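Reader: Please show me the assembly. Then I will ask about its chains and how they meet.

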Amino acid sequence: MSEIAVIVLAAGQGTRMKSRRAKVLHEVCGVAMLEHVLQTAETLSPSRLAVVVGRDADEVQKRYADRAEFVLQAEQRGTGHAARVALAALPELSGDVLILYGDTPLLRPETIERMCAAKRERAADLLLLSAHAPTIPGILVRDAEGRLERIVESQDATPRELAIPERNTGVYLVSAKLLREGVESLAPHNAQGELYLTDVVGHAVRHGFRVETMLVEDAEECLGVNTRRELAAASRVLRRRIVERLMDEGVTFVDPDAVYIDAAVRIGRDSVIEPGVVITGRSRLGEGCHIKAGCVIEDSRIGNDVTIGPSAHLRPGNELASKVKVGNFVELKNSKLGEGTKAAHLGYIGDADVGAHVNFSCGAIVVNYDGYKKTRSTIGDHAFVGCNANLVSPVEIAPHAFIAAGSTITKSVPTDALAIARDRQRNIDGWVARKEGRAPARAPRPDAGAEAREMATVVQAEIAPATGRRRRRRPPPGRRR
Amino acid sequence: MSEIAVIVLAAGQGTRMKSRRAKVLHEVCGVAMLEHVLQTAETLSPSRLAVVVGRDADEVQKRYADRAEFVLQAEQRGTGHAARVALAALPELSGDVLILYGDTPLLRPETIERMCAAKRERAADLLLLSAHAPTIPGILVRDAEGRLERIVESQDATPRELAIPERNTGVYLVSAKLLREGVESLAPHNAQGELYLTDVVGHAVRHGFRVETMLVEDAEECLGVNTRRELAAASRVLRRRIVERLMDEGVTFVDPDAVYIDAAVRIGRDSVIEPGVVITGRSRLGEGCHIKAGCVIEDSRIGNDVTIGPSAHLRPGNELASKVKVGNFVELKNSKLGEGTKAAHLGYIGDADVGAHVNFSCGAIVVNYDGYKKTRSTIGDHAFVGCNANLVSPVEIAPHAFIAAGSTITKSVPTDALAIARDRQRNIDGWVARKEGRAPARAPRPDAGAEAREMATVVQAEIAPATGRRRRRRPPPGRRR
Amino acid sequence: MSEIAVIVLAAGQGTRMKSRRAKVLHEVCGVAMLEHVLQTAETLSPSRLAVVVGRDADEVQKRYADRAEFVLQAEQRGTGHAARVALAALPELSGDVLILYGDTPLLRPETIERMCAAKRERAADLLLLSAHAPTIPGILVRDAEGRLERIVESQDATPRELAIPERNTGVYLVSAKLLREGVESLAPHNAQGELYLTDVVGHAVRHGFRVETMLVEDAEECLGVNTRRELAAASRVLRRRIVERLMDEGVTFVDPDAVYIDAAVRIGRDSVIEPGVVITGRSRLGEGCHIKAGCVIEDSRIGNDVTIGPSAHLRPGNELASKVKVGNFVELKNSKLGEGTKAAHLGYIGDADVGAHVNFSCGAIVVNYDGYKKTRSTIGDHAFVGCNANLVSPVEIAPHAFIAAGSTITKSVPTDALAIARDRQRNIDGWVARKEGRAPARAPRPDAGAEAREMATVVQAEIAPATGRRRRRRPPPGRRR
């Protein structure tokens, strides 16, 4: 393949986004628009990859400094001017140049490959990517032989020209020589001195260069994003693409329109993804998994036959072995869970290495933060962590250990040990009736009098408001809020 | 502007709703349909605002007694009869009358303003709002000069008339004088003695009044709701309007079709709203907020750069300062959170005044209800509330206080103090092995024998079922449920 | 009605599903596709109900052994061969035979009833169900009198034939005699020796049988599922049907496209179902319920005026009396809740019998699993269960009992008693300041010195890391993570 350089035009102001952020950094399916374009460009292994930036140059440049070289277009004087600035910064360029746009994130690598092949096969000097997209203003007018004659802006077009559906996407694959000659020839269009890259096509036609066009099959690839509405539209298109690919690979989606899966996510076949699920980053799910409604899974690796949710949240960095079960309102973060381990109900496992066949009961927490720093804990195979228990990290729970419900564990627990850290239960008979100023429904046991009196003192101090105010008494029927 | 009165027809039976509730009280985007219509009417500052009610008169009247005057249409004898009843109750009416409908919630104030201007400019006696909406039965038939000739019901129309797309929405702006004369002239259409307001238009045309029409640009504004399906359709239209307005103002929606935001909500630019989010009432969100998937935010005020969710629930009455972070499965209610405060995991903050830079750990709860009454608590700046801690209101946690995990706090905690309310941890070696009838994986420490024996007694009482039944022993492999 | 047998063709390979599972076991709205077809067939009370299975025969047969008889089509030689195999297994068949497909789950019972009536009325030997569905390849070509002449596959059709919208769904109601004669007459179409059931129609026409067609009104009923995309499409259609029926019955859906309700669910009128809600199995909801966003309700019975959610999860087997309130992040499983009982915040009630007007506070848990077995608990009327309390099953909480916050309850609690199981609170003054190496913001109380020193020892052991490492000290400003 002949040498190709890529110039990405990304200097547009993006004022219609109404954003403090550079337009090309707005995200589509979890990835900045410019990142999509760079990924596509990189599939060509280009000799140079230059991004023309304007407003917000710093923000963009800082983020992608190691991915591309940046050229500043200080004045916003149109696409032709941007290309001229880029070429001035790349004086030695030869071979072909591909012009892409930072706000056109949906163009597929396959389309660009087809462009390369088409340019080569047809020995074109300039290959223009066209689309059947009547909302694009650049109309492709052809001569009697069907060759491109000129590009007319819809505002200057005749009704007959307006009826032509084929439009100019602005994506060009062009020899560096022609491009350089073309941008030098550009003349301003208006008082603002704007130069349009489109005019390079006119120049090429007029000067006898071989200009060819290639129609993109799916016009959605050329959707440009100038507003939040268009950003949402682009997200919808990309989401559908991702989900359709996964369906073709054998994943079931109850409602393909109601899942939000980043492009780099991989899911094994026969997994079922319910509605309202978000899976981000480079998450990997095995086969036969069932992700129930409302789960959010970020950058985690999940084995086969794992059940998650509904409404579970995996923050980044988890590794779940096969047959793990994570239930409702459970949060995992940066933790490993061994095969068959269950965290089936409300709870949080943060920064922990959990073995196999562990039962993590409802309300149990791995307390990974003490207000000063974060630490990790280890929980061995077959351990049982009781309800509302706290494992205060760093702590080591050995295999087959049993943590009693309601215990706050700060020291390690050996194998087979029961760890318990809670007070004994005391029942204070008649307390509620006395509090409510009525006869108790059941008399205190005769021998319980002393204990009850004693405990009442203890409890009063505990239960009574710290302010010393008395509670309003009222009869019991219903304890309505 | 000349004086305008508004009559809202809201007496329809609504039987197709199959509801115990008055039809006009069913909600579209969190607001009753009649409320939408009243809000629109109120933008005119009308001299009188009368609502004609029938069935469920009491329920409707009670709710809006301070917003409008109510006229009872005891018998359901059609729109013409309803207008006649209204005029009889408003004998002194002069100027213009605007006729609206309680089940047409999408009509925009802008459209009514345009109607007022059009009536004035064209010196009309009656201005009829028309729409391109072929499902509406009232067909506008015009004469050769294009002037309205008559309105034909689709059931009585010729095929040629049926092909006319312009229909009568039933919304009129009409001089009180003409309206009064018109409704008096109405004759019953059928055995039920129903009178139709449409016939006032015929009367006006026949008697040489100046009748003009104005086409509404967006026919969806005139969607009438008679069924739950139409209610859902109206909700969809209004939802899209709200979200599109917010997108135009600089808010990003990952999926604009999957968010549910009430009309009065305000959101600052560069905020990102993920799918499945519900924001209700008069909530205000600042700039740069990130509301993650599945959050519900009711009537709360939220500063800039606040992160919420996924799956957090803000019940009404919260105020969050900037840079607050509320994480998954957290509930807030009627609480203030100072700048930078975090409640990042499962927990509930109810009726609390929380300072800045507080860390509210997983499972921690402000216990605002003791079964009898609700009270408030205060938590000072930089306080740290440990996991699964209970702060029993009313209680005051001073700045820089530290609440140990698993503690139930009933008394105030001074600045810089550690508060702890939990028992020490004891490990009972070999307990699990004994329970499971096998040799312990690790021998008890020699010196631990006595302690272990003693604790075993304690623990047995705690762990054993209160019923005294023995637990089934079984070998340990996996503790499967 | 004359005797009818049903043959369901379900032997297709389903390779495009890319699944380990039999295609007809993939689910549409919570129910396997074959189950939908069997349910429809069963409405006819057929004399025989035979399912032709191929690949995955065992899996399918095991699941529906009591619902149908199974015929193995060992080789995949087409629909005609499958019917031939079925008839060979049912030698005594008389009357009519209905041919259905295991991958066509949307066909309505009403349509089949209409087919039966049409066949009878028109004295047909074979009634073919047709549809306006241009994607189906079998084109119905009619003669000048409009009678079916032949069925042309689209690949063999002329352009004029291709324009015919009426297609063969493959659903036939045919006399057993004709069917038997027809399938015996079939000749292979290709080298693989495949036989097509369509050719029976040709046979019938050629031999003077009376062949009639009936057009299905809603072509979606005939959607066949061969891919995950088609599975999703079928789910969408059925979902819409279910929700539209419920809307017609008086249920409000904020967004009918964003709820997932199984076909057997029943919901009373004036209930409101918010977006993202999943209701499965045979759940029953009363009137006036409000199911807020993001709830999942599985196989549960719910009374009138119950409020659930947002984001609550009812696992199977719950019974909720009227006016129950279940709030955010609450899980219920196999439990009964009496009238007016509230579990309004994070918590889990598993395997419990809860009385009326109970208050189940935030973080409270019925601990139904001890690592070895599951047990039930009882909670009496008007009981109050405090925050983060654990009720360790089996335990009985009597009416009007009060469980203090943070208590782990292992023994029964009598009526009117307060049960408390937690340690007293101790404040260690200046602990945070000392920990952070700075002067305490407030001096310890003079008389608190001894206590503080003593407690510091206790607490140090509790709070300090078990590894003995010292914590990094750092100044306090903000305790950032």
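This is a predicted model: local features need pLDDT of at least 70, side-chain atom pairs count only at pLDDT 80 or more; totals for chains, interfaces and linings use all residues.

Author: Residues are numbered from 1 along each chain as its sequence is written, chains are lettered from A and ligands numbered from 1 in the order in which they are written, and side-chain values use heavy atoms, with hydrogens and water left out.

Reader: By what turn can chain A be laid on chain C, and what axis relates the two copies?

Author: Superposition is by least squares on the C-alpha atoms of residues with pLDDT of at least 70 in both copies. Chain A goes onto chain C by a turn of 120° and a shift of 0.0 Å along the axis, with an RMSD of 0.1 Å. The two copies are therefore related as by a three-fold rotation axis.

Reader: What rotation superposes chain A on chain B?

Author: The RMSD is 0.1 Å for this pair. The shift along the axis is 0.0 Å, and the rotation is 120°.

Reader: How much area do chain A and chain B bury between them?

Author: Contact means heavy atoms within 4.5 Å. It takes 83 residues from chain A and 76 residues from chain B. Buried area is the accessible area (1.4 Å probe) that two parts lose on being put together, summed over both. Carbon and sulfur atoms carry 51% of it here, and the total is about 6400 Å².

Reader: How many salt bridges are there between chain A and chain B?

Author: A salt bridge needs a side-chain nitrogen of Lys or Arg within 4 Å of a carboxyl oxygen of Asp or Glu. One of them joins A:R229 to B:E244, at 3.1 Å from N to O. The count between chain A and chain B is nine.

Reader: Which helix gives the largest share of the side of chain A that touches chain B?

Author: Helices here are DSSP runs (H or I, at least four residues), and strands are runs of E of at least two, both numbered from the N terminus. Seven residues of that side come from residues 228–248 of chain A, which form helix α8.

Reader: Which element of chain A gives the largest share of the side that touches chain C?

Author: Nine salt bridges are counted between chain A and chain C. In one, A:E244 meets C:R229, with the closest N and O atoms 3.1 Å apart. Elements giving two or more residues to this side of chain A include α8, β39 (426–428) and α10 (449–463). The largest share, six residues, comes from α10(A).

Reader: In what sense do β39(A) and strand β38 of chain C pair?

Author: Two strands pair if DSSP finds at least two bridges between them. Here there are three bridges, and β38 of chain C covers residues 418–420. In β38(C), A:R426 has C:I420 as its bridge partner. The sense of pairing is antiparallel.

Reader: Which are the edge strands of the open sheet of eight strands in chain B?

Author: The order is β14-β17-β20-β23-β26-β29-β32-β35, with parallel pairing. Two bridges join β14(B) to β17 (residues 284–285) of chain B, and B:I267 has B:L285 as its bridge partner in β17(B). Each edge strand pairs on one side only, and the two are β14 (266–267) and β35 (396–397) of chain B.
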